Amino acid sequence: MSRLSNHLVMILLAVSFAAGAAMAADRPRIGLVLGGGGARGAAHIGVLELLEELRVPVDCVSGTSMGALVAGTYAAGLTPAEMRQRLGEADWKDMFNDLPAFEEINLRRKEILRNFIPGSETGVKDDGLSYQTGVVDGQKIKLFFNRLVGASRGERYIDKLPLPLSIIATDIGTGERVVYREGSLTSAMRASMSVPGLLSPVVIDGRKLVDGGLVDNVPIGEVRERCQADIVIAVNVGSPMMKAEDVGSLLTVSAQMVNILTEQNVARSLATLKPDDIYIKPDLGTITAGDFGRNAEAADRGRAAAETVRDRLARLGTTPERYAAWRDTLNGSKRPRPVVDEIDIAGLKEVNPAAVERHLHVKPGDTLYSEKLGDDLNRIYGDGYYQSVDYKVLNERERNILRITPVEKPWGPDYLRFGINLEADTSNSSSFLLRIGYHKTLVNRLGGELLATVDIGTDYGALLDYYQPLDPKQRVFAETFVSYRNQTNNIYQDNKRLAQYDSGTTSGALWLGANLGVAGQVRVGWLEQQRDFKRDIGNPLLPDFKVNYGGWNVRLDLDQLNRLYFPTDGWSARLNYFDSSEAGFARIDAETLGAFSIGRTVFNARASYAGGVDGSLPFYDAAKVGGPLNLSAYARGQITGDDIAYLGIRAERIIGQFPLGFRGDLRLGAAIEGAHVGRFYTETNLAGRDYLDSGALYLASETPIGPFFLGYGRSSEGSWNVFFTLGVR
């Protein structure tokens, strides 16, 4: 925008302000107060709809929590109809999950997420351990606020808005009430909505800020002070107190404590209302603070509550011409999409700016679109280095500067991570595992990472892995690891456990590889292994043995599934080739998986093959099948052979959802599975069958500590298995 255009806009706004002041001179000053209440705050939209219909202008507005969101977007120029549409279109479940779409995360990060409990990340600092400050960082929530108020068209400042606005937050360190009348609009909105424990606090000017509802949930006094309001329209959407018999768990006790604090300050605010003020408290029924999917219903209930005082509100209305002039002052704050002249990456300390740039599709000379930029920023966040990734659009010397502002995790870059696994079935197999990992990221400016893990349990072992990108944009890398793992291997015959071996495997490898964007990796290198089999239970005539071998290893891993464990869409493919001339065999493993959804039903299919190339696999490196959703009627690894092909088709019905802030859903599933074994090493009694089959019924879910399965599998030849698994593997 040229300097002349800027001057014209300022002149028009000044004229609008003058017109508004003249209009206010012959009518009472009106202050609008929008209280906090989470998803219940969508009721404010219904109230605003009636105010618009009755042509009621307001002279200032204050808001807390969800009320701050509605007040901020209203002051920024959105109409109630636009708010209803935008909030209705928003995917709130996804918004409370910071991670980008899973297919937008690089493969190494996916492997870390799958091997450890995602929420277990604990910082390791010189002065001790450091923890995440909330279940949700609020990455997508903040970008949604940016889109609502048009921050991609230029940073929105509270003190530059045409309607005087106050946003209430709480300083969690001092307990003080903090009022924002200036500064970043979206940052203040985000701070006011930071529910303690769920959303991470926002740090502004050194103050750690959380939900303003703790100190002033219906900020009536603020509008009296801000614009000397003669009449206050106050809307209270706070959650009611729970009954004593409903308060029992730690979670409900904490929620009730917040309710008590909130109700106390609300009572003080309401006591200041005067006879001419208008108080609106919608009947929101069973709508809770987390029911964002019921936004439209809440808005309708807010409208219904406002209708009960319609006559009093109507007396505050003005003429169509005057209301249009007032409304134009809000609409005048909207700006055209800017063309980016320069991109600036600010605030990085440990991360190389090139690692951020690799995810940016917007370039100087491009018109800026907030949706596309948001996708890029979420992809940057998905690298795992940041607490948040935001942006500002600044106009300096008639140039539009897009400033990317990543905030590196204050509890990083070194972490402890944890994992747990429990398994049991009716085929004499059960196990438990506790995993502890030390993950040192950003070892150098190229983004080197050291990962050391220890597994304790039925199976145990240790891993030391070093991953080193070789260029600033992390397109190529070298990786080396050494590991030891002791596993319990059961040998089956005639559907009975014949023996149990302790199998110790020492491995080491060195690879060179390339990252294929966020789609996956390809790598080639040398893999060396030593395997030691010692009989623990079974026939004493069965031998112990040890073998050493190494060979070339080529791997291709592609993953475009949209979820961590239970995808609803996407595909993945893996190919692993190992060739050991000294051991005299070559092995290929291949797998592909696809998923799609129709409504609440998810369909997926998995096909895999493991076998020898130009010869049979040795028994110590045999192909295996059996276990949950891998021929479910049999125990894990019950059937071994020289080559095995598998195909499984599943249908899963989503029957439940986890609350906001937690990933995943609850599913009821059914599977049809089949496998072909070229040559049986175990269960040789099945050698005459062209294929093996299994059906399964199961419950499945992605829990906070990993995937959960409880199911029953049965084959046509009579084998059956009840299985339970929980956690990472």
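This note goes through the predicted model from overall figures to single strands and residues.

1. Basis. The model is predicted; local features need pLDDT of at least 70 and side-chain atom pairs count only at pLDDT 80 or more, while totals for chains, interfaces and linings use all residues. Residues are numbered from 1 along each chain as its sequence is written, and side-chain values use heavy atoms, with hydrogens and water left out.

2. Confidence. The chain has an average pLDDT (the predictor's confidence in each residue, from 0 to 100) of 90, and 94% of the residues score at least 70. Over residues 1-23 the pLDDT is below 50. Beyond near neighbours in sequence, that stretch has 15 contacts in the model, a contact being heavy atoms within 4.5 Å.

3. Overall figures. The C-alpha trace spans about 105 × 60 × 45 Å along its principal axes. The secondary structure comes to 15 helices and 31 strands; these are DSSP runs numbered from the N terminus, helices being H or I with at least four residues and strands E with at least two. Of the 729 residues, 52% are buried. Buried means under 20% relative accessible area, exposed means over 50%, and partly exposed lies in between (1.4 Å probe, protein chains only). The accessible surface comes to about 31,300 Å², and carbon and sulfur atoms hold 57% of that; the areas come from the Shrake-Rupley method with a 1.4 Å probe, and for residues only the protein chains shown count as cover. Among contacts with a separation of 6 or more, 65% are between residues 24 or more positions apart.

4. Nonpolar cores. A nonpolar core is a set of buried Ala, Val, Leu, Ile, Met, Phe, Trp, Tyr and Cys residues joined through side-chain atoms within 4.5 Å. The largest has 95 residues, and Ile 233 and Ile 404 have the most contacts inside it. Helix H3 (residues 66-75) gives the most to this core, with 7 residues. A second, separate core has 27 residues, including Tyr 501, Ala 610, Ile 639 and Ile 644.

5. Ile 233. Neighbours within four places in sequence left aside, the contacts of Ile 233 include Ile 30, Leu 32, Val 33, Leu 51 and Val 56. Also among them are Ile 278, Ile 280, Leu 313 and Leu 316.

6. The sheet S11-S13-S12. In that order, 3 strands form an open sheet with mixed pairing; two strands pair if DSSP finds at least two bridges between them. Strand S11 (342-345) and strand S12 (386-396) are the edges, each pairing on one side only. From one strand to the next the twist averages 20°. S12 pairs with strand S13 (residues 399-408) in the antiparallel sense over 10 bridges, and Ser 388 stands opposite Val 407 in S13. Helix H15 (residues 370-381) lies across S12 and S13, running at about 145° to S12. Axes here are lines fitted to C-alpha atoms, for helices over the stretch in contact, and angles run from 0 to 180 degrees between N-to-C directions.

7. Of the 12 residues of strand S29 (residues 692-703), 9 are buried, so S29 is largely enclosed by the rest of the structure. Strand S28 (residues 665-677) runs antiparallel to S29, joined by 10 bridges, with Arg 667 opposite Ala 700. S29 is also joined to strand S30 (residues 706-714) by 9 bridges, again antiparallel; here Ser 701 has Phe 708 as its bridge partner. The hairpin from S29 to S30 passes through 2 residues.

8. Strands S21 to S23. Strand S21 (residues 545-559) and strand S22 (residues 570-580) run antiparallel with 8 bridges, and Arg 555 stands opposite Asn 576. S22 then pairs with strand S23 (residues 585-598), antiparallel, over 11 bridges. Leu 575 has Ala 590 in S23 as its bridge partner. The hairpin of S22 and S23 has 4 residues between the strands, and Gly 584 in it takes a positive phi near 80°.

9. Helices H9 and H11. Helix H9 (residues 220-227) has Ile 220, Glu 222, Val 223, Arg 224 and Cys 227 as its buried residues. Gln 228 follows H9 with a positive phi near 50°. In helix H11 (residues 295-307) sits Arg 303, which is partly exposed at a relative accessible area of 22%. Arg 303 lies 260 residues from Ala 43 in sequence but 7.1 Å from it in space, C-alpha to C-alpha. Beyond its neighbours within four places, the contacts of Arg 303 include Glu 49, Glu 53 and Arg 310.
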